[in-house]
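Hello,

I am handing over the structure below. My notes on it follow; please read them alongside the model.

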Amino acid sequence: YQMSFFKKIMYYMLPAVFCTLLVVSCADDAPEYLLTTISFQGVVSDAEDGTPLEGISIVITEYESSDVDKSSPLMSATLNTSFDGSYVFATIDKEPRVLGESFFEFKVSDPEGSYLPVQRDLFMSSSSLYYSSSSKSYRVSDNDFALSR
């Protein structure tokens, strides 16, 4: 049995073309996880006895998710903990952005040098309990740090 040239093309190419069209059409239907509000709050305390620490510096820097060497910050903010060791950080964007395009780095340090510095990266995800698609917000209310001497 000999297949004609046209039938060979249809036999081998049609499934590939169909699969490509299927993938493209599914990509358009994929949900876009939008974000307008990002907020972090927590408490910085002594790792040994749990005492809240006042005046601790927290530098929060945002990077694009592809910037793994952290060379081009998108934004940076410095906060200090209050008398009860707490801090609050929030951004509200006028235009929604897509969740997962960036991550945040937290550098926590004691300006007096009594405690060792701590660093943590927070990668945002649509599957996280902190993300709300209805309010387009990402709120982390327990981003606590315990510092050691």
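Strands E2 and E3 run antiparallel and are joined by 6 bridges. Helices (H or I, at least four residues) and strands (E, at least two) are DSSP runs, numbered from the N terminus. One of the bridges links Thr61 to its partner in E3, Ser76.

This is a predicted model, in which local features need pLDDT of at least 70 and side-chain atom pairs count only at pLDDT 80 or more, while totals for chains, interfaces and linings use all residues. Residues are numbered from 1 along each chain as its sequence is written, and side-chain values use heavy atoms, with hydrogens and water left out.

An open sheet of 4 strands has the order E3-E2-E5-E6, with antiparallel pairing (two strands pair if DSSP finds at least two bridges between them). At its edges are strand E3 (75-80) and strand E6 (118-123), each of which pairs on one side only.

Two residues are worth a look. Tyr63 sits in strand E2 (residues 57-64). Its relative accessibility is 7%, so Tyr63 counts as buried (under 20% relative accessible area, with exposed over 50% and partly exposed in between; 1.4 Å probe, protein chains only). Not counting residues up to four places away in sequence, Tyr63 touches several residues, among them Leu74, Phe103 and Glu105 (contact means heavy atoms within 4.5 Å). Tyr63 and Leu74 are 11 residues apart in sequence, and their C-alpha atoms are 5.3 Å apart.

Thr36 belongs to strand E1 (residues 34-46). Thr36 counts as buried because its relative accessibility is 17%. Beyond residues up to four places away in sequence, Thr36 touches residues including Ile92, Pro96 and Lys136.

Regards
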